[in-house]
Amino acid sequence: MPGLFTTDASYRSHPLRPAHTGHDGVGAYWARATADQQDVRVHFGDPVVDGDRVAVEWWTTMTADGDPTTLVGCLLLTFAPDGRCRDLRECWHEVEELVDPPADWGQLDVDGGDRAAEPARRWADGYEAAWRAGDPVAAAALYAPDVHYRSEPFRDPHPGRDGVLAFTRRAYATEADQDPRFGTPFAAGASAAVEWWCTTLEEGRPATLIGTSFLTFTPDGLVGTARDYWFLEPGRHEPFEGWGR
């Protein structure tokens with residue numbers, strides 16, 4: 001495992017934990033993380049390859065310490081010229097049961113140039129403004145009328161723009177004093193992955209929501225499919241150095 005990384009690599013298994021650095025740090029983390037895992041099956045989605053940066057979804061079933069477990073998440077990687085990873089950060093969700101991926105999971109449109117670069121930036125700017133203003137109508141307007149949206153891998157999808165609007169209204173209703181920030185999109189073909197980091201008051205308590213959206217855009221620049229991965233952590237936390245680049 002460490003040989004896949006540069007000698008000075010940074011591996012963040014959680015955005016609020018210290019990075020595992022270098023071959024020793026990555027190797028020690030990976031040994032701990034996998035020590036009690038058995039019957040591991042891993043699936044990867046279509047990768048978004050943007051120059052030396054790659055974003056990819058993963059879905060893993062296993063037994064962990066004897067219990068059935070499903071881990072679902074995404075990796076955001078930056079590669080050195082020799083093909084080894086020099087920076088990795090991930091976001092994930094976990095349930096204590098074996099869950100197969102839905103038929104639509106992991107599918108993107110990643111062929112043919114960088115058609116998603118401009119609409120991804122527009123989506124990030126537009127969603128940031130809508131989130132900051134607490135305006136669910138403006139947020140939902142960024143999505144196609146027949147969008148297929150999953151706000152979390154183990155939830156049912158929110159169908160269509162009306163589904164996005166209903167979900168966003170519920171989410172925004174619990175928040176106040178929100179300060180969202182969006183990273184530089186990973187874009188390939190008609191798809192993109194975009195990081196976001198938002199400090200907020202969640203039901204009156206300080207909280208930080210950190211995640212990544214995987215998006216595919218229609219020809220007119222609206223979101224046609226979307227899948228979110230995120231952590232909701234108590235307290236207000238600022239992004240670490242290098243986040244979102």
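This is a predicted model: local features need pLDDT of at least 70, side-chain atom pairs count only at pLDDT 80 or more; totals for chains, interfaces and linings use all residues.
**Along E5 and E6**

Now widen the selection to both strands. E5 and E6 run antiparallel, joined by 12 bridges. Follow them to the turn and you'll find a hairpin with 2 residues between the strands, where Asp65 has a positive phi of about 55°.

**The other neighbours of E5**

Next, pick residues 48-50, which make up strand E4; this strand is antiparallel to E5, with 3 bridges between them. Val48 has Ala55 as its bridge partner in E5. E4 and E5 make a hairpin too, with 2 residues between the strands, and there Gly51 takes a positive phi near 65°.

Then show strand E3, residues 37-44, which pairs with E5 in the antiparallel sense over 6 bridges. To see one of those contacts, select Gln38 and its bridge partner in E5, Thr63.

**Buried or exposed?**

Colour E5, residues 53-64, by accessibility: 12 of its 12 residues are buried. Both faces are covered, with residues including Arg53, Glu57 and Trp59 on one side and Val54, Trp58 and Met62 among those on the other. While you're at Arg53, bring up Phe186: Arg53 lies over the face of that ring, at 4.0 Å from the ring centre. For another stop of this kind, go to Arg12, whose charged end sits over the ring of Phe240, 3.9 Å from its centre.

**Rings**

Turn on the aromatic side chains. The whole structure has 17 aromatic pairs. Zoom in on Phe214 and Tyr229: their ring centres are 5.9 Å apart and their planes are at 85°, so this pair is edge-to-face. The pair links distant parts of the chain, since Phe214 belongs to strand E13 and Tyr229 to strand E14, 15 residues apart. Phe214 is buried at a relative accessible area of 0%, and Tyr229 also counts as buried, at 1%.

For a group of rings, select Trp123, Tyr127, Trp131, Phe182 and Trp196, which form one aromatic cluster.

**Last stop: the cavity**

To find it, select Glu90, Cys91, Glu195, Ile210 and Thr212, which lie nearest its centre among the 14 lining residues. Strands E6, E7 and E13 each give two or more residues to this lining. What classes of residue make up the lining? Colour by class and you'll get 8 nonpolar, 2 polar and 4 charged residues.

Conventions
Residues are numbered from 1 along each chain as its sequence is written. Side-chain values use heavy atoms; hydrogens and water are left out. On a 1 Å grid over the protein atoms alone, a cavity is a set of points where a 1.4 Å probe fits but cannot get out, and a pocket is an open set with protein on both sides within 12 Å along at least five of seven lines; lining residues have an atom within 4 Å of a point. Helices (H or I, at least four residues) and strands (E, at least two) are DSSP runs, numbered from the N terminus. Ala, Val, Leu, Ile, Met, Phe, Trp, Tyr, Cys and Pro count as nonpolar, Asp, Glu, Lys and Arg as charged, and the others, Gly among them, as polar. Buried means under 20% relative accessible area, exposed over 50%, partly exposed in between (1.4 Å probe, protein chains only). Two strands pair if DSSP finds at least two bridges between them. Rings of Phe, Tyr and Trp (its six-membered ring) pair if their centres lie within 6.5 Å; planes under 30 degrees apart count as stacked, over 60 as edge-to-face and the rest as tilted. A charge sits over a ring if NZ of Lys or CZ of Arg is within 6 Å of the ring centre and within 35 degrees of the ring normal.
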